[in-house]
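This report describes a structure for a reader who works with computed models.

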Amino acid sequence: MMNCRQASILLSAQQDGPLTLSQRNRLRLHLFFCKNCRNFNRQLHFMREAARAPAHWE
Ligand SMILES: [Zn+2]
């Protein structure tokens, strides 16, 4: 399984463009087990959504 460092790199890369299928699968597996990276992922989403449409983010 990938470590948190690798996962965070993929999570960031994902913001700029799609990952390969195997990257996505490995990332999803990591997120399933890793609460820290789920939180990190949420933060990335939050920042992106907030920048795009601040009024619509719940
Ligand atoms: Zn992790």
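Leu27 counts as buried, because its relative accessibility is 2% and the cut-off for a buried residue is under 20%. The model in which this value was computed is a predicted one. Leu27 lies in helix 2, and, when residues up to four places away in sequence are not counted, it touches Met2, Ala7, Leu10, Leu11, Gln14 and Leu19. The C-alpha atoms of Leu27 and Gln6 are separated by 8.7 Å, although these two residues stand 21 residues apart along the chain.

## The zinc site

The zinc ion is coordinated by the SG atoms of Cys4, Cys34 and Cys37 together with NE2 of His30, at 2.0 to 2.4 Å. The angles among these 4 donor atoms run from 101 to 114°, and the site is tetrahedral. For comparison, the ideal angle for four tetrahedral donors is 109.5 degrees. Along the sequence, the donor residues follow the spacing C-x25-H-x3-C-x2-C.

## A nonpolar surface patch

Met1, Leu29, Phe32 and Phe33 form a nonpolar patch on the surface, and together they have about 530 Å² of accessible area. Leu29 belongs to helix 2, which covers residues 21–33, and it counts as partly exposed because its relative accessibility is 43%, a value between the 20% and 50% cut-offs.

## The chain as a whole

The chain contains 3 helices and 0 strands, which gives the pattern α-α-α when read along the sequence. Its C-alpha trace spans about 35 × 25 × 15 Å along the principal axes.

Buried residues account for 22% of the 58 residues in the chain. The chain exposes about 4600 Å², of which carbon and sulfur atoms supply 57%. Where contacts join residues at least 6 apart in sequence, 52% of them link residues at least 24 apart.

Technical notes: Residues numbered from 1 in each chain as written. Predicted model: local features only at pLDDT ≥ 70, side-chain atom pairs only at ≥ 80, totals over all residues. Heavy atoms only, no water. Donors = N, O, S within 2.8 Å, 3.2 Å for Na, K, Ca; no water. Tetrahedral: all angles 85-135°; square planar, octahedral: opposite > 155°, others 65-115°. Patch = residues over 30% accessible without salt bridge, like charges linked within 9 Å, V, L, I, M, F, W, Y side chains within 5 Å. Areas by Shrake-Rupley, 256 points an atom, 1.4 Å probe, with all protein chains shown as cover. Salt bridge = Lys/Arg side-chain N within 4 Å of Asp/Glu carboxyl O. Helix = DSSP H or I, 4+ residues; strand = E, 2+ residues; numbered from the N terminus. Buried < 20%, exposed > 50% of the residue type's maximum accessible area, 1.4 Å probe, protein only. Contact = heavy atoms within 4.5 Å.
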